[in-house]
Amino acid sequence: MKKLLSSTSNNISNNKLGDLPTWDLSDLYDGKHSELLIMERKEVYFRAKKFEKDYKGNLSALSGDKLVDAIKEYEEIEEVLAKMMSFASLLYAADMTETESGQFYQNTQEKITEISTNLLFFTLELNQLDNSHLTKIITESKSFKYESWIRDIRAYKPHQLSDEVERLILEKQVVGRASWVRLFDETLAKMRFKVDHDGEEKELTSTEIFDLLSDKEGAIRKGAAKSIGKVLSENASVFTLITNTLAKDKEIEDRWRRFDKPVSSRNLSNFVEDEVVDALIHAVKEMYPKLSHRYYKIKAGWFGSDVLQYWDRNAPLPNEDNRIILWDEAVKIVLSAYEEFSEEMADIGRKFFDNNWIDAQVRKGKSPGAFAHPTVPSVHPYLLLNYQGKIRDVMTLAHELGHGVHQCLASEQGHLMSDTPLTLAETASVFAEMLTFRKLLDDSITQNQKTIMIAGKIEDMLNTVVRQVAFFEFERNVHEKRLANELLTEEICDIWMQVQRESLGPSVKLYDEYAYYWSYIPHFIHSPFYVYAYAFGDCLVNSLFAEYQENKYDFNTKYLDMLRAGGTLRHKELLSPFDLDASDPSFWNRGLSVISDLLDELGEVETKSSGDFLKN
């Protein structure tokens, strides 16, 4: 990492955090010019051509066993394509400002799209078979194992277009939606934010500047917040164009596919009913006053004020333990929390550290934030972090490693059936966070440490549930208003401020520059309406964890079996062994009550301490 912020109080250079790993992508390919990559790209091109020649127009005449052979071949081809795309995207994420990686990413995307046009007919033609004929074919084969995959692609049948239109959408994607997403990523990666520190001006990446919003010094938080708002406002015209274009692109495709609402296509891909999502959103919004409004009022009081400046929302609490947690210690904390729950879970997690499946360093040009990328079942997942040594970074490690463990367990379902719908994809990650939180809480020595841990967990939950639902409301309003006209930057900013005031409450003071904070959030661009999956997952995990605490007998086995199921089961089937049902309105209230109960506990501490918390 080049010297950008080595002297700021909250950002620690990589070499002071211990031996931070960088990932080894050679399990995919050993480089952009890999002989294996070149060979597989040529081979898969001809396999896809042959596949189309052998099966296009012939599916209705296949026997059950021949259909199994066709699906196996399709799965193998798709897995090779996914492997190549995974390598290109991970290489690009490591440095989005490196022009050769960007070019390689784009070229790979275009080549894969070209090859995929030969495969497009397969699922379209399967959906053209009538139910009785398809059932007959499937029951003929004793080795058929793709029922859940067939079920899922058949769910798209009412929204399927003609073969020619589907092919056009696929081919144009690389110069359409994908290009706008790339523009967003590269714009954000290249932005630099200036702050003053110790009389010296520093120039920071987006990862580094947002990290300062949780600095212990209020002046640093304020300076960072103002700088973020300034730079985002200066780039607002680009972000507004991207947002308008992608929202219109989505509206056109939704209209052609006959989706009723902007969110409907996301709900279908998550295999969750519209009414279940509506119930979640309604339940969370109803609880705003009892959750976020209540907590931020308490936090403002801790800072000696009736209101909390927006840049203090994630500020460290009074007397918070600001120690830097070295990488090796973070690994030990997370793996020990995993091991106390399940040795198998810890053993899988350990592989990520032993085999360099993680990139944890903060670097210029690197993708901000964190993610777990599943790659393909024949390889393994990779994790990207920007580790800076704070408690929240430890929790992020636990979260992303939870995704990785889930992806490893689900890989036994094969390439076509290992992917989990987004509503359940956050289950393992949030559950892993909860295990780590409980481990840290149990290891806390003083009441003050426990209080800070509880308050920190509440903040994380509010960010996961309340904030993500507010994000969802912002997206819904933007997409609905975009149906009529292109939106001005000011209109998008107004929508953002409205939903933020509603969710944060009267105790958080917002300033004009905060109106541009919508523009940096990648989920709006990468995966429209993804965000409610976080709230879904958190509430679901709260209910699951309550069940675990009440009845630990055989819970671990049932939990790991749920993760192994991958995409083969829907939410009703996955939750039934735990006697939980997401379609029951009380389900969401049970999950939200966990946050409310923590607030009650925090309120009791505040009352008993009579302000001593500030003085300890």
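**A guided tour of the predicted model**

Begin by selecting strand 1 (residues 193–197), which has a covered face formed by Phe-193, Val-195 and His-197 and an uncovered face formed by Lys-194 and Asp-196. Helices (H or I, at least four residues) and strands (E, at least two) are DSSP runs, numbered from the N terminus. The model is predicted, and local features need pLDDT of at least 70, side-chain atom pairs count only at pLDDT 80 or more, and totals for chains, interfaces and linings use all residues. Residues are numbered from 1 along each chain as its sequence is written, and side-chain values use heavy atoms, with hydrogens and water left out.

Select helix 4 (residues 120–128) together with helix 6 (residues 147–154). Their axes come within 10 Å and cross at roughly 85 degrees; axes are lines fitted to C-alpha atoms, for helices over the stretch in contact, and angles run from 0 to 180 degrees between N-to-C directions. Helix 4 and helix 6 are therefore roughly perpendicular to each other, the term for angles of 65 to 115 degrees. Show the side chains at the contact (heavy atoms within 4.5 Å): Phe-122, Thr-123, Leu-126, Asn-127 and Gln-128 of helix 4 meet Trp-149, Ile-150, Ile-153 and Arg-154 of helix 6. These residues divide into five nonpolar, three polar and one charged. Here Ala, Val, Leu, Ile, Met, Phe, Trp, Tyr, Cys and Pro count as nonpolar, Asp, Glu, Lys and Arg as charged, and the others, Gly among them, as polar.

Keep helix 6 selected. Six of its eight residues are buried, so helix 6 is largely enclosed by the rest of the structure; buried means under 20% relative accessible area, exposed over 50%, and partly exposed in between (1.4 Å probe, protein chains only). The buried residues are Ser-148, Trp-149, Ile-150, Asp-152, Ile-153 and Arg-154, and what covers them includes helix 2, helix 4 and helix 5.

Move to helix 5 (residues 131–140), where Leu-134, Ile-137 and Ile-138 are buried. Seen down the axis of helix 5, these buried residues fall within an arc of 95 degrees, so they line one face of the helix; the arc is that of the directions from the helix axis to the C-beta atoms. The face turned away from the buried side carries the exposed residues Ser-132, Lys-136 and Thr-139. The cover over the buried residues of helix 5 includes helix 2 (64–94), helix 4 and helix 6.

**Two loop residues**

Select Arg-258, in the loop between helix 11 (236–257) and helix 12 (264–270). Its phi is near 65 degrees, a positive value in a residue other than glycine, and Arg-258 is partly exposed, with a relative accessible area of 48%. Then select Phe-271, in the loop between helix 12 and helix 13 (274–286). Phi of Phe-271 is near 55 degrees, again positive in a residue other than glycine, but Phe-271 is buried, with a relative accessible area of 14%.

Finally, display the three strands that form an open sheet in the order 4-6-5, with mixed pairing. The edge strands, each pairing on one side only, are strand 4 (358–359) and strand 5 (371–373). Strand 5 runs antiparallel to strand 6 (residues 382–384), joined by three bridges, and Phe-371 stands opposite Leu-384 in strand 6.

Conventions: Angles under 35 degrees count as roughly parallel, over 145 as roughly antiparallel, 65 to 115 as roughly perpendicular and the rest as oblique. Two strands pair if DSSP finds at least two bridges between them.
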